[in-house]
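I opened my notebook for this one and jotted down what I looked up, entry by entry. Here is the structure I had on screen.

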Amino acid sequence: MADLPALATIEALEARLGRGALTGAQREQALAALADASEIVRAETNRTWVTEAGTVSAPAAVVTITLQAALRVVRNPEGLVAETVGPFSRRLADDQTGVYLLDEEVALLAKYRSATSGLWTQATTRGDYPGTPVWVDDQYGGDSILWDWA
């Protein structure tokens with residue numbers, strides 16, 4: 001999936017940042033964040049969101065979630081969080097660095113998730129039976145019914 005286009009454009013990311021056009025290393029970082037966010041969203045939805053013509057077909061909500069995940073990295077690449085206790089303040093590295101999805105975003109993406117396709121075998125037994133079958137005749141003279149295992 002690495003050759004797939006990002007689900008959101010760099011222009012849409014720049015518009016949300018409100019800093020104008022990104023250049024140089026900042027632009028490269030933003031493009032990498034968009035690519036990473038796109039891959040995470042694709043993995044979560046089990047879809048590529050790309051048409052046969054190579055254009056992105058993701059709905060607006062999927063694009064927005066991709067942008068939000070990428071923005072977290074662009075705005076705070078080191079994953080720093082501030083902690084203030086009384087007059088003291090310090091900055092710490094957050095446990096979650098890099099591109100990630102919030103629980104709310106994962107829940108929203110669930111409605112876009114594609115079921116796994118293909119053929120598979122579904123087991124219809126639970127393995128070996130634990131003993132001798134106990135059969136019971138029904139009151140109407142039909143076939144015996146498996147009641148229990150002895």
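I began with Val-134, which sits in strand β3. This is a predicted model, so I read everything below as a prediction. Val-134 comes out at 32% relative accessibility, so I put it down as partly exposed. Val-134, Val-136 and Trp-147 make up a nonpolar surface patch of about 300 Å².

**Core.** Next I went inside. The largest nonpolar core counts 26 residues, and Leu-13, Leu-34, Val-41 and Val-62 have the most contacts within it. I checked which elements give two or more residues to this core, and they are α1 (10-17), α2 and α3 (60-75). The biggest giver is α3, with eight residues.

I then picked Val-41 and listed what it touches. Leaving out residues up to four places away in sequence, I got Leu-7, Val-62, Ile-65, Thr-66, Leu-101 and Leu-109.

Are the two partners buried or partly exposed? Arg-27 is partly exposed because its relative accessibility is 27%, whereas Glu-14 is buried, its relative accessible area being 11%. The cut-off I had in mind is that buried means under 20%.

Then I looked at Glu-44 and Arg-113, where the closest N and O atoms lie 2.7 Å apart. Glu-44 belongs to helix α2, and Arg-113 to the loop between α4 (103-109) and β3 (133-136), so the link spans 69 residues of chain. I have Glu-44 as partly exposed, at a relative accessible area of 23%. Arg-113 is partly exposed as well, at 38%.

My last pair was Arg-72 and Glu-105, again a salt bridge, with 2.7 Å between the closest N and O atoms. Here helix α3 supplies Arg-72 and helix α4 supplies Glu-105, 33 residues apart. Glu-105 counts as buried because its relative accessibility is 9%.

**Gln-29.** I also went back to helix α2 (residues 24-45), where Gln-29 is found. What does Gln-29 contact, leaving aside neighbours within four places in sequence? I noted Val-73, Val-74 and Pro-77. For Pro-77 I looked up the C-alpha distance from Gln-29 too: 8.9 Å, for residues 48 apart along the chain. Gln-29 is partly exposed, with 28% relative accessibility.

Trp-49 is buried because its relative accessibility is 8%.

Conventions: Residues are numbered from 1 along each chain as its sequence is written. This is a predicted model: local features need pLDDT of at least 70, side-chain atom pairs count only at pLDDT 80 or more; totals for chains, interfaces and linings use all residues. Side-chain values use heavy atoms; hydrogens and water are left out. Helices (H or I, at least four residues) and strands (E, at least two) are DSSP runs, numbered from the N terminus. Buried means under 20% relative accessible area, exposed over 50%, partly exposed in between (1.4 Å probe, protein chains only). Contact means heavy atoms within 4.5 Å. A nonpolar core is a set of buried Ala, Val, Leu, Ile, Met, Phe, Trp, Tyr and Cys residues joined through side-chain atoms within 4.5 Å. A salt bridge is a side-chain nitrogen of Lys or Arg within 4 Å of a carboxyl oxygen of Asp or Glu. Patches are made of residues with over 30% relative accessible area and no salt bridge: like charges are joined within 9 Å, nonpolar side chains (Val, Leu, Ile, Met, Phe, Trp, Tyr) within 5 Å. Accessible areas come from the Shrake-Rupley method with a 1.4 Å probe; for residues, only the protein chains shown count as cover.
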